[in-house]
Amino acid sequence: MSKWQDIKALANLRARARLAKSLPEIFPKAVLSRAYNSSFVPPMPRLAIDSYWRAHPIRADRLARKLAAESGAPSGWTWRVGGNRKSGLPTTFRIPPAPYREKAHARGAGFCCVCGQPVYRFGWHADLWETGPNKNANWHSACVVAWQLWNAPSGQAKLLRRVQGRRCTLTGKRLWKDAEVDHRVPLFRVWGEFRDASWPQLLRYWGLPNLQVINRESHAAKCATEARDRQITRSSAAVTA
Ligand SMILES: [Zn+2]
């Protein structure tokens, strides 16, 4: 073994011992098995949960949308943009709508600002320990990862390529190195045409159902068509106005 491997093995041995020591009696099995098999063993339960979701962004996306569906939108809420830090309204339509991040609808300590559901120990979404919501938490560990995927999907290009069998969804050809992550339904159209869809169904447009990886040249062609459509929509709006 190289010196580096020795150091890593020793660090993992220590982390494993620390994790075992701080582990509560009840702990999600899948998280634990991933933690012990990681190439860098997380030394604390909270870190084990975070690293589990980081390794499974698609699961996190699905779970965050499922939790949001349990909350539903607050009554009277509509999707608005153009806010500031104070109001918590998103500044552009590119940011996924999140009513519970808005000041007017925030549920307060112990509730997730993305999905609106209670956050339990270690940022988990179910009260396995029957200790009630964690009053110091505002995010589920899963919702942090989902939020990152929704806001910066190109960070998961590698995973998305794998999900679609490394084929361009537009042409069916093999994906090139320079392939890009794209929203099937572009976000400007979501804002323009589907703005009144219910929440959290809207979140599908930021999640896996609306993400694809396409070759750069197909992406450029798709963008050109979209720009033309946008132009037509604008000019017809001008005519009817
Ligand atoms: Zn959440």
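Biologist: At what angle do helix α3 and α5 pack, and how far apart are their axes?

Modeller: Bear in mind that this is a predicted model. Helix α3, which covers residues 45-55, packs with α5 at an angle of about 35°, and their axes are 9 Å apart. The crossing of the two helices, α3 and α5, is right-handed.

Biologist: Which residues of α3 and α5 meet there?

Modeller: From α3 come I49, D50, W53 and R54, and they meet S141, A142 and V145 of α5.

Biologist: Which residues is A146 in contact with, leaving aside its neighbours within four places in sequence?

Modeller: With those neighbours set aside, A146 is in contact with A60, D61, A64 and V114. The C-alpha atoms of A146 and H56 are separated by 9.5 Å, although these two residues are 90 residues apart along the chain.

Biologist: How much of the chain as a whole is buried?

Modeller: Of the 241 residues in the chain, 30% are buried. As for contacts with a separation of 6 or more, 58% of them are accounted for by residues 24 or more positions apart.

Biologist: Turning to the backbone, where is E130, and is it buried or exposed?

Modeller: E130 sits in the loop between α4, residues 57-71, and α5, and its phi is near 55°, a positive value in a residue other than glycine. E130 is exposed, because 8 other C-beta atoms lie within 10 Å. R166, in the loop between α6 and β1, has a positive phi of about 60° although it is not a glycine, and R166 is likewise exposed, with 12 other C-beta atoms within 10 Å.

Biologist: Which peptide bond is cis, and what is its omega?

Modeller: The bond from W199 to P200 is cis, with omega near 15°, and P200 has its place in the loop between α7, residues 187-193, and β2, residues 211-214.

Notes: Residues numbered from 1 in each chain as written. Predicted model: local features only at pLDDT ≥ 70, side-chain atom pairs only at ≥ 80, totals over all residues. Contact = placed C-beta atoms within 7 Å. Buried ≥ 20, exposed ≤ 12 C-beta atoms within 10 Å, placed from the backbone. Axes fitted to C-alpha atoms, helices over the stretch in contact; angles between N-to-C directions. Helix = DSSP H or I, 4+ residues; strand = E, 2+ residues; numbered from the N terminus. Left-handed = near helix turned anticlockwise from the far one by under 90°.
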